[in-house]
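The following report describes a single protein model for computational use. Please consult the sequence and coordinates alongside the text.

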Amino acid sequence: ALLLGATSAIDAPAPDEIAHADHLLEASGAKAALGALVEHAGPEARITVVSWYGRGEVPLPLGGRFHPHRLTIRSSQVASIDPARRGRWDHPRRWALVNALLGEPALDALVAAPVPLSLAPALYERLARGERFHPPQQVLDAAR
């Protein structure tokens, strides 16, 4: 996040660090992560969920701090264009931006070198153990 321009980023933040953030992003996909953000977010904090939980249920504590702190939870969904932006953003314009961003060297920090397909079982074992990767995205290369 820092390489891409964020003013701060915290890996596994402490509750007091969450309480001082204006905008929190939940990108882990861990079912307990969103609830932890809600439980510890400070007044008027915005929480954007950019991960996907599949069909699993996610416990969400909407008692406690949620209402008195006027927290906002928003989903980030990239499969379609937000209706409020469709007048200016059509699919060709969005694809043009995506293609331009693919050429940005700073974004290379988000994707690790391709992993040979033969190493997929070991990679999946590491993912199942919950290991964190840096960069976070692992890509299988079927050609190798």
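## Loop positions

A113 is located in the loop that joins α3 to β4 (115–116); helices (H or I, at least four residues) and strands (E, at least two) are DSSP runs numbered from the N terminus. The model is predicted: local features need pLDDT of at least 70, side-chain atom pairs count only at pLDDT 80 or more, and totals for chains, interfaces and linings use all residues. Residues are numbered from 1 along each chain as its sequence is written, and side-chain values use heavy atoms, with hydrogens and water left out.

A113 counts as exposed because its relative accessibility is 58%. The cut-offs are under 20% relative accessible area for buried and over 50% for exposed, with partly exposed in between (1.4 Å probe, protein chains only). Between A113 and G5 there are 108 residues of sequence separation and a C-alpha to C-alpha distance of 22 Å.

Most residues other than glycine have a negative phi.

| Residue | Phi | Loop |
|---|---|---|
| R70 | about 50° | between β2 and β3 |

E44 is classed as partly exposed because its relative accessible area is 45%.

## Overall architecture

The protein has four helices and five strands, and their order along the sequence is α-β-α-β-β-α-β-α-β. The C-alpha trace spans about 55 × 45 × 30 Å along its principal axes. Of the 144 residues in the protein, 18% are buried.

In strand β1 (residues 23–26) the side chains alternate between two faces. Strand β1 pairs with strand β2 (residues 46–49) in the parallel sense over four bridges; two strands pair if DSSP finds at least two bridges between them. Within this pairing, H23 stands opposite R46 of β2. From β1 the chain passes through helix α2 (residues 31–40) to β2, forming a right-handed β-α-β crossover. Right-handed here means that, with the strands pointing away from the viewer, the path from the first strand over the helix to the second runs clockwise.

## Nonpolar core

Which residues make up the largest nonpolar core? Its 12 members are I18, L24, L34, L37, V38, A41, A45, I47, V49, Y53, F66 and L71. Such a core is a set of buried Ala, Val, Leu, Ile, Met, Phe, Trp, Tyr and Cys residues joined through side-chain atoms within 4.5 Å. At least two residues of this core come from each of α2 and β2, and α2 supplies the largest share, three residues. In soluble globular proteins, nonpolar side chains tend to be buried together.

## Second largest pocket

The second largest pocket has a volume of about 610 Å³. A pocket is an open set of points on a 1 Å grid over the protein atoms alone, where a 1.4 Å probe fits, with protein on both sides within 12 Å along at least five of seven lines; lining residues have an atom within 4 Å of a point. Grid points are joined across faces, edges and corners, and a volume is the space filled by probe spheres set on the points.

This pocket is lined by 18 residues, and S76, Q77, V78, S80 and R94 lie nearest its centre. The elements giving two or more residues to the lining are β3 (72–75) and α3 (91–102). The most, four residues, comes from α3. By class, the lining holds nine nonpolar, five polar and four charged residues; Ala, Val, Leu, Ile, Met, Phe, Trp, Tyr, Cys and Pro count as nonpolar, Asp, Glu, Lys and Arg as charged, and the others, Gly among them, as polar.
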